Every structure is written in structure tokens, then in C-alpha cells.
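The sequence and structure are shown first.

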Amino acid sequence: MAENILKIEGLTKKYSERVLLNNIDLTVKKGEVVVILGPSGCGKSTLLRCINALEPIQGGKIFIDNDEITAKNAHLPLLRQRIGMVFQSYDLFSHLTVMGNILLAPCKVQKRDKKEVMKEAQEWLERVGLGKKANQYPRQLSGGEKQRVAIVRTLCMHPEILLLDEITAALDPEKVHEVLNVVLDLSKDGKTMVIVTHEMRFARAIADRIVFIDDGEIVEESNPEEFFTNPKTDRAKQFLSSFEYSNDKVGAE
């Protein structure tokens, strides 16, 4: 049985008096893909930001393996290197080439050999269909290409777990499948991922487990087939009724 790589105990997040996350308990096993679903503003993205220690919390604990991210003596820069996060906004440096963006953190932060990282980066770029884009600048790329570069940049840091926050939200519909196919391939490699998305077909295809959040609380948790065909709660049923999705295979058409 796979061991837990991420453990969240009683996580509470507040802004002033507003409770965004209320006593969240969640575990993620090594190699598992957990998809977080819920309406806008329910706390999904905030949860990912708390996991990566980008947001202070007001209660609870978060562990990666047995190391507590939320401990006062936690060495956050080192812990963050074990958690890769991909945002919807790409966050590429416009003055650097694709390769320059990818090399920056592994070489500057992890002090790794530049040639070694370049070789790995080029292999990943080839795999995601961007092998000829290494020397181009972000302004020369489409949104889907920028997001694939952002994913490669994160993978080259060798994180133990990937957090993907609405990574297709800023893309034109015709570019969405380019990015989702990359993530599907990563799941086949056994990458541990926590994904926030509104792409229902994608969620159903990739998830080992669905966690449905509403109003800052986990309302329902189950495998994707059960969640999409027989949700237990009225709130989940209402949420799913607002989407149109099918059983078609997710992928390039």
C-alpha cells in the first residue's frame, strides 16, 4: 500500500473574520492523482497555496512526508523545492528564453550542473512537443506552449508532488487539450499530483480520487466513477448539473 506523501490535519484559513478553509483533513498517497472540484470561491486554490506555504494559516498542520511545512522552524525554501506548483498565469520571465526560464531555478537555487539540467530540460521539451522552442522567448509562444514550458520548468526541479492550479483557465479552448494531454502523460508516469480544475472530462479521466469542496469544507470524497455517476450529496449533484460533460476519452482530437 502506497505511503502518504502529503497529510493535512485540521487546516483552517481565514481572511479577517471570513473563513476560507474550515478544518480540512486530507491525505495524498505517493503516485496518487487527487482532483479538487468545487464552485468558484470555495477555497480550492487557497488550499493549494496553503500546501505550498504561500499563504499563512490560522489552524492545523501540513506535512510532506514527515516534515511539517507549517512548523515555525520549518526551512521553507528547502521544503518548497519538494513541492512543484504550476499556476494558471504561467509566470515566465519575458526577458529569458524558454531554456533560460527552465534553467534558472535548478541552477541558481539547487546549484545543479548547467549541462545536466539543459539535457534534462531538452528531453522534457521534446516530450511535450516543444523541442524546437528552446531558444524562443515567451512572447513568441501561444498560451498552451507557455503553460507546457511552465510545467517543464517545474518538473526540472524534481518535486515530490505537483500542485496544478487551474492551468487551462487562461487558455483558448482549442489549446486546452495540448496542456491536459501533458498532464495525463505525467499521471501515467506515476507523478503525485493535486489538481484544481473546472474541466470535468479531464477530472474524470485523470483522477484517482475526487475531493469536492464547498464553502471551505470537504463535502464529498470518492473515486471519479462514483462521484460523476452517483454523487452522495445534494450539493455535489447540484454542482455537476451545471456542467456538460461526456464519457468521451480526453485527448487530442
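## Helix packing

A crossing of two helices is left-handed if the near helix is turned anticlockwise from the far one by less than a right angle, and right-handed if clockwise. The model discussed here is predicted: local features need pLDDT of at least 70, side-chain atom pairs count only at pLDDT 80 or more, and totals for chains, interfaces and linings use all residues. Residues are numbered from 1 along each chain as its sequence is written, and side-chain values use heavy atoms, with hydrogens and water left out.

Helices (H or I, at least four residues) and strands (E, at least two) are DSSP runs numbered from the N terminus. Helix α3 (residues 98-108) packs against helix α5 (residues 143-155) at an angle of about 30°, and their axes are 8 Å apart. Here axes are lines fitted to C-alpha atoms, for helices over the stretch in contact, and angles run from 0 to 180 degrees between N-to-C directions. The angle makes α3 roughly parallel to α5; the classes are roughly parallel under 35 degrees, roughly antiparallel over 145, roughly perpendicular from 65 to 115, and oblique for the rest. The crossing of α3 and α5 is right-handed.

## Aromatic rings

Rings of Phe, Tyr and Trp (its six-membered ring) pair if their centres lie within 6.5 Å; planes under 30 degrees apart count as stacked, over 60 as edge-to-face and the rest as tilted. The whole structure holds three aromatic pairs. In one of them, Phe212 and Phe227 have ring centres 6.0 Å apart and planes at 45°, so the pair is tilted. Phe212 is in strand β9 (residues 209-214) and Phe227 in helix α8 (residues 224-229), 15 residues apart, and the pair links distant parts of the chain.

Phe212 also pairs with Phe239, with centres 5.0 Å apart and planes at 45°, a tilted arrangement. Phe239 belongs to helix α9 (residues 234-241), so this pair ties together parts 27 residues apart in sequence. Ring pairs join Phe212, Phe227, Phe228 and Phe239 into a cluster.

Buried means under 20% relative accessible area, exposed over 50% and partly exposed in between (1.4 Å probe, protein chains only). Phe212 is buried at 0% relative accessibility, Phe227 is buried with a relative accessible area of 0%, and Phe239 is buried.

## Charge over a ring

The charged end of Arg139 sits over the ring of Tyr137, 4.9 Å from its centre. This term requires NZ of Lys or CZ of Arg within 6 Å of the ring centre and within 35 degrees of the ring normal.

## Cysteines

With a disulfide taken as a pair of cysteine sulfur atoms within 2.5 Å, the whole structure has zero disulfides. Cys107 is in no disulfide, and its nearest cysteine sulfur, that of Cys156, is 9.6 Å away. Cys156 is buried, at 0% relative accessibility.
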